[in-house]
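Please look over the sequence and the model below before reading on. The text after them goes from the whole chain to single residues.

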Amino acid sequence: MTNYGTIPSGSGNVEFISRAKEQIKSGLGTRRPWKQMFLLEAFGLPHGFMEAISRIQANTAYFRMNYALVVLGILFLSLLYHPISMIIFIVVMAAWVFLYFLRDEPLVVFNKMINDRIVLVVLSVVTIVCLMFTGVIPNVFTSVATGAVLVLAHGALRKTDDLFVDDEEAAFGLAQKRHGHESSSST
């Protein structure tokens, strides 16, 4: 009996790719709709510095994935005229994704378990060295600074009245509010 078109389930590579796809989907699942991010009625000047800081914190928590995509998009655009740098950037980002973000199990090299901090430091150093050798550090700093300014401006100007950071937390808060209203109306 032949099994044409089936993928062997015992392959470690297939399982790794399947897990990676699931983690990427769940990470992108936290992206909020762009229409909600740029809803014109939701913009207004904050009444003070503390309200601006509060808005930035709430919007950063809520639109975290959108903001990351904006900054990465600006960074990508800044590297368009540097094809070698872009190729190196893509390779380094792939290393970050597979060695740091998508890893469920500890990294083992030569039968020794590598600490996450060491992986973080090594990947950071490799990233900086690669950027230094390609000569695009000014482009990277400029694009990241531009992205940060856009994120901070959006975060300060976007009202947070209609945002719920966590759906479960929002449901719990609503239940608490209803419960408090019922107990106060019964007294």
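What follows is a short walk through a predicted model, from its overall layout to two residues and then to its confidence.

The chain has 187 residues, and its secondary structure consists of eight helices and two strands. Read from the N terminus, the order of elements is α-α-α-α-α-β-β-α-α-α. Of the residues, 21% count as buried. The accessible surface is about 13700 Å², and carbon and sulfur atoms make up 68% of that area. Among contacts between residues at least 6 apart in sequence, 76% join residues that are at least 24 apart.

Two stretches of the chain carry an annotation. An unreviewed UniProt entry lists residues 61-78 and 114-134 under "transmembrane region". In the model, residues 61-78 are 94% helix and 0% strand, with 26 Å between the C-alpha atoms at the two ends. Residues 114-134 are 90% helix and 5% strand, and here the end C-alpha atoms lie 29 Å apart.

The next part concerns single positions. Is S143 buried or exposed? S143 belongs to helix α7, which covers residues 137-157. With a relative accessible area of 4%, S143 falls under the 20% cut-off and therefore counts as buried. Leaving aside residues up to four places away in sequence, S143 touches I74, L75 and S78.

Y81 sits in the loop that links α4 (64-78) and α5 (83-101). Because its relative accessible area is 77%, over the 50% cut-off, Y81 counts as exposed. Together with F76, L77 and L80, Y81 forms a nonpolar surface patch of about 480 Å².

The mean pLDDT of the chain is 76, and 71% of the residues reach 70 or more. Which helix has the highest confidence, and which the lowest? Helix α3 (residues 49-62) has the highest, at a mean of 92, while helix α8 (residues 167-186) has the lowest, at 43. Over residues 167-187 pLDDT stays under 50, and the model has one contact for them beyond four places in sequence. Residues 4-8 also stay under 50, with two such contacts. Where pLDDT is low, the predicted coordinates should not be read in detail.

Key:
Residues numbered from 1 in each chain as written. Predicted model: local features only at pLDDT ≥ 70, side-chain atom pairs only at ≥ 80, totals over all residues. Heavy atoms only, no water. Helix = DSSP H or I, 4+ residues; strand = E, 2+ residues; numbered from the N terminus. Buried < 20%, exposed > 50% of the residue type's maximum accessible area, 1.4 Å probe, protein only. Contact = heavy atoms within 4.5 Å. UniProt positions renumbered as here; feature names shortened; annotations may be inferred. Patch = residues over 30% accessible without salt bridge, like charges linked within 9 Å, V, L, I, M, F, W, Y side chains within 5 Å. Areas by Shrake-Rupley, 256 points an atom, 1.4 Å probe, with all protein chains shown as cover. Salt bridge = Lys/Arg side-chain N within 4 Å of Asp/Glu carboxyl O. pLDDT = per-residue confidence, 0-100.
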